[in-house]
Amino acid sequence: MITAQSLSDCEPALRAAMQAGAVDAKTTGRMRSQLGTEMAAVVLETARLQAKAIAKLGSGTWWVTERALQQATTRPVAEFKARLLSGASEVFDLCCGIAGDACAFLRAPGLADTSMTAVDRDPVMAAMAAENLRLNGNVSAASQVRVRCDDVGRLSIPSSATIHLDPDRRQGSARKTRPDDYSPDWDVVERLLEACRGGIVKLAPAATVQDHPLRHRLWISSAKSVREQTLLTGDVVSAAERDLGWELPPGGRSAVLLSGTAPPAVFGGQPDLDVDVADQPGRYLVDPDAAIRAAGLTQAFAVSHGLRTLGGPSGFLTGDAIDPAAMRTLAVCEAVDWFGACDDRKLRKLLRARNEYPERVKARGVAENPNELERRYRSCGDRPMTLWLGRLGRRQYAAITRDAS
């Protein structure tokens with residue numbers, strides 16, 4: 001049986017396997033005879049995944065499995081969510097997995113004196129969580145953090161507690177986007193949220209939940225990718241407004257872009273606003289961050305900056321009298337240098353004549369793969385530009401843009 005103590009006892013074997021790198025059959029056999037088949041498999045899998053774990057969770061030694069690491073929160077996002085919990089006196093990290101979030105919470109200055117309880121129904125996950133918290137959680141006192149192996153559906157959460165809940169969103173290797181398919185069931189999630197003073201629920205970016213007058217939905221983008229949709233409720237909403245200086249109206253939506261050491265950039269609004277449609281690009285082409293699109297706030301972004309949609313709601317945005325610097329942190333905004341039909345042969349000829357290549361390709365509503373186009377056109381010239389591909393009705397267009405600053 002895998003326990004926190006057995007993992008702790010195997011830490012020297014893990015470090016030896018990590019130092020050895022590739023492990024041959026002889027070493028594997030010796031480890032199985034020393035540790036047992038089950039424990040040897042855990043040690044070898046953890047050693048194999050250690051570089052990925054460090055890249056995702058931060059420096060340290062992490063006990064992981066492939067599946068748990070896939071679902072774990074990246075460190076920048078976990079550290080951001082720790083700010084949303086700032087000031088909470090008691091936090092329950094439910095469905096904690098390998099405790100990547102809980103470790104980030106315990107390292108956060110605003111949660112230094114917080115009592116933390118991490119819960120997972122899988123005994124192996126609970127054991128790994130306990131060891132990861134010991135190794136990476138900056139735990140200042142033994143009583144500060146507790147790990148429980150339990151079904152969160154059977155828990156009684158104190159009304160004074162704040163919860164972070166990361167439901168299981170995978171079935172085998174397939175990801176589940178419908179909250180009704182999550183584990184625990186969504187009615188259990190609702191009960192837990194109603195019982196506590198505030199909460200954060202991690203959802204898939206594409207998940208659809210009913211907008212609630214007392215909750216706020218937040219899409220978080222990091223490293224040019226939407227990492228998660230986060231449902232905020234209760235005191236977490238007001239604490240986030242107070243500590244971060246943002247307006248997060250209950251029942252509303254926001255998108256947050258995390259970018260290195262820069263302060264988080266946020267855009268909030270209401271979905272499904274009416275926006276003018278353009279059939280030709282203006283002076284600028286604009287592509288909002290993926291979190292804004294995932295949140296359904298593309299039209300709200302267009303309205304706030306006086307933009308139109310090029311070809312329809314799913315297209316790029318365009319405008320003339322705008323300030324590119326005002327939206328730089330939340331969108332790509334570049335000046336149009338050329339616009340015309342999208343024909344591969346003619347486009348290749350044009351790029352060669354201009355001595356240009358696409359340093360970046362942005363495609364919307366077309367079948368072409370941007371990475372493939374970047375490779376295909378790389379030999380056309382020496383001057384970098386951005387190539388945009390989109391659709392106006394049945395016609396596909398191409399545009400060349402440059403930095404607008």
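Which residues does Gln 396 touch, not counting residues up to four places away in sequence? Point 1 takes that up.

1. Before anything else, this is a predicted model, where local features need pLDDT of at least 70 and side-chain atom pairs count only at pLDDT 80 or more, while totals for chains, interfaces and linings use all residues. Residues are numbered from 1 along each chain as its sequence is written, and side-chain values use heavy atoms, with hydrogens and water left out. Now to Gln 396: leaving aside residues up to four places away in sequence, Gln 396 touches Ala 341, Cys 342, Val 366, Glu 368, Gly 390 and Arg 391 (contact means heavy atoms within 4.5 Å).

2. Gln 396 sits in strand β19, residues 395-403 (strands are DSSP runs of E, at least two residues; helices are runs of H or I, at least four; both are numbered from the N terminus). Gln 396 counts as buried because its relative accessibility is 17% (buried is under 20% relative accessible area, exposed over 50%, partly exposed in between, with a 1.4 Å probe and protein chains only). Its side chain also makes a polar contact of 3.3 Å with that of Glu 368 (a pair of N or O atoms within 3.5 Å; within protein, one must be able to donate a hydrogen and the other to accept it, and residues adjacent in sequence count only if both atoms are side-chain atoms).

3. Next, have a look at helix α2, residues 11-20, whose buried residues are Glu 11, Leu 14 and Ala 17. Seen down the axis of α2, these fall within an arc of 120°, so they line one face of the helix (the arc is that of the directions from the helix axis to the C-beta atoms). An α-helix has 3.6 residues a turn, so residues three or four places apart point the same way.

4. What do the buried residues of α2 pack against? Their partners are α1 (4-9), α3 (25-35), α4 (37-57) and α8 (123-136). On the face turned away from the buried side, α2 carries the exposed residues Pro 12, Gln 19 and Ala 20. Just after α2, Gly 21 takes a positive phi of about 75°.

5. Finally, a word on strand β16. The largest share of the lining of the largest pocket, four residues, comes from β16. By class, that lining has 13 nonpolar, three polar and nine charged residues (Ala, Val, Leu, Ile, Met, Phe, Trp, Tyr, Cys and Pro count as nonpolar, Asp, Glu, Lys and Arg as charged, and the others, Gly among them, as polar). A pocket here is an open set of points on a 1 Å grid over the protein atoms alone, where a 1.4 Å probe fits, with protein on both sides within 12 Å along at least five of seven lines; lining residues have an atom within 4 Å of a point.
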